[in-house]
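Dear colleague,

I am passing on the structure we spoke about, and below it you will find some notes to read alongside the model.

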Amino acid sequence: MTIYDKLLTHTDVINNLHLRTLFEEDEQRFNKFHVLFNDFVLDYSKNKITEETMELLFELANFSNLKDEIDAMFEGKKINTTENRAVLHTALRNRSNTPIYVDEKDVMPEINQVLEQMHLFSDKVRSGSWLGATGKAITNVVNIGIGGSDLGPQMAHDALYHYKAKNLTFHFVSNVDGTDITETLNKCDPETTLFIISSKTFTTQETMANAQTARNWLCTHLGDTATQKHFVAVSTNTEAVKEFGINPENMFVFWDFVGGRYSLWSAIGLSLMIAIGYEGFISMLEGAHEMDMHFKNTPFEQNMPVILALIGLWNTTYLKAESYAVLPYDQYLAKLPLYLQQLDMESNGKSVKKNGKNVDYSTGPILFGAAGTNGQHSFYQLIHQGTHLIPADFIAPIHSLNETGTHHDMLLANVVAQSEALMKGKTPDELRAEGVAEELIPFKTFEGNRPSNTLLFNKMTPKAFGSLIALYEHKVFVQGIIWRINSFDQFGVELGKQLAKAILPELMDKTKELTHDSSTNSLIEKIRTIRL
């Protein structure tokens, strides 16, 4: 019997068990099903698993050659097979500074060089010694990017807002909707605004449209020569950067072994380094590096990313959960679900294996979430009593950075209570014992048996934040390996953008012939009629 057959057979057993019963029968369940890393604790005991489940999942990981695949990533092998690229976001935070080779070249000297360039520049902006065209210090920093070039820095800025320089305000523009850039510029003074244009190729349509609008705004107020004092670039396209009017000395490079959704640790994080300072940024890298080393070197049975990945894969592929919720009980992490949507769904939203054949099982789930306790008053109803099985990750710091009366105690009480409620539910007999009217019992009954993880850590610091993001990166990687898909390409992002380039001139010129389907042609004609 193959490991897949064993898991399918075991699934039938698990589907007949209830989490409440599993806890009643085993007082040591938490001790068996939790794992530690530094000050992080992951409680996965409230999942529909037994010791046999975990043994089978670890067997699956070994059967998938997971250890070899982990080593291949860290060694710089070209595991992104469809694009023939290494995958080395881990090298960006390699605080051990051990050599890492790609095409027989150690990449660490260049990584350290760019990090030092970021250090020098960010210190100038933070100290006020970087002056705009009229001799005034910078007060506003606008990061213009999209996807990972926006989501990473923006989410990290909010997560680490407590540590932000008080003399600087940060803005993040990504949407090609003109409202985004317009409303941002309305908040800024051209004399004291710095723009960071983040685009690897410096040709990304949305990013460059926003960058051109920002440059036009600046030059209208300060003249064409002001660009070099108010714009810097994070890119690899030196000629395009120069043509835009940015001094190449103010271009910060990164590499094709850094995917967009993994680029926070690179020069894409320049706005974050300006916000929290070089020391804070390095602390974030150190936290990620420590998680990297834990992931690389720890046996699977105690390996936090591996366990989190296997639980998620079990819920998705075997228990048929099509979605899952990430629920951070920390206002600073309010944008974490949005960030993880890209990390998870862009990575593992695939239906083709590495060998080019279609998968015949569920891969990446639909991810959503919101900060607690806000989410409790919106979609938690669906999680508790809906017809869908929706596993959840509860994430919370044990100490708040803003201790205010009993606020944080209340917050933590809700975290613990929600996971308990999902696990136990509430039976008709319990409701009757409480005196609930018989006709209301069906409406107030909670099935329970809904899986969740709880991830606790001491406090939201740059180091803890780095470990947290690295944890989820590695979780996604492990799942991709076992699902036998390439987690590092994103061809699904491109088709709509390619079609948009063809449609754009058609929207702007009534004389152009339309050769699309009837719906698309009619929509274009309707827009032409109203706009032109």
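**The sheet and its helices**

Helix 8 (residues 148-159) lies across strand 5, strand 6 and strand 7 (193-198), and its direction runs at about 150° to that of strand 6. Please keep in mind while reading that this is a predicted model. Helix 10 (residues 205-222) packs on the sheet as well, where it touches strand 5, strand 6, strand 7 and strand 8 (231-234), and its direction makes about 160° with that of strand 7.

The sheet itself is open and has five strands in the order 6-5-7-8-9, with parallel pairing. Strand 6 (169-173) and strand 9 (251-252) stand at the edges with a single partner strand each, so one side of each of them is left without a neighbour in the sheet. For strand 6 that partner is strand 5 (residues 140-144), and the two pair in the parallel sense over five bridges; Asn 143, for instance, has Phe 172 in strand 6 as its bridge partner.

Helix 8 also meets another helix, helix 15 (residues 336-348): their axes come within 9 Å and cross at roughly 145°, and the crossing is left-handed. At this meeting, Gly 148, Leu 151, Gly 152 and Met 155 are the residues of helix 8, while Leu 336, Leu 338, Tyr 339 and Gln 342 are those of helix 15.

**Aromatic rings**

The count of aromatic pairs comes to 19. One of them is formed by Phe 477 and Phe 488, a tilted pair with 6.1 Å from centre to centre and 40° between the planes. This pair links distant parts of the chain, since Phe 477 belongs to helix 20 (residues 462-483) and Phe 488 to the loop between helix 20 and helix 21 (494-508), eleven residues apart.

**Charges over rings**

Two arginines may be worth a look in the viewer. The charged end of Arg 29 sits over the ring of Phe 23, at 5.2 Å from its centre, and Arg 93 lies over the face of Trp 265, with 4.5 Å to the ring centre.

Key. Residues numbered from 1 in each chain as written. Predicted model: local features only at pLDDT ≥ 70, side-chain atom pairs only at ≥ 80, totals over all residues. Heavy atoms only, no water. Phe/Tyr/Trp six-rings, centres within 6.5 Å; stacked < 30°, edge-to-face > 60°. Helix = DSSP H or I, 4+ residues; strand = E, 2+ residues; numbered from the N terminus. Lys NZ or Arg CZ within 6 Å of the ring centre and 35° of its normal. Pairing = 2+ DSSP bridges. Contact = heavy atoms within 4.5 Å. Axes fitted to C-alpha atoms, helices over the stretch in contact; angles between N-to-C directions. Left-handed = near helix turned anticlockwise from the far one by under 90°.
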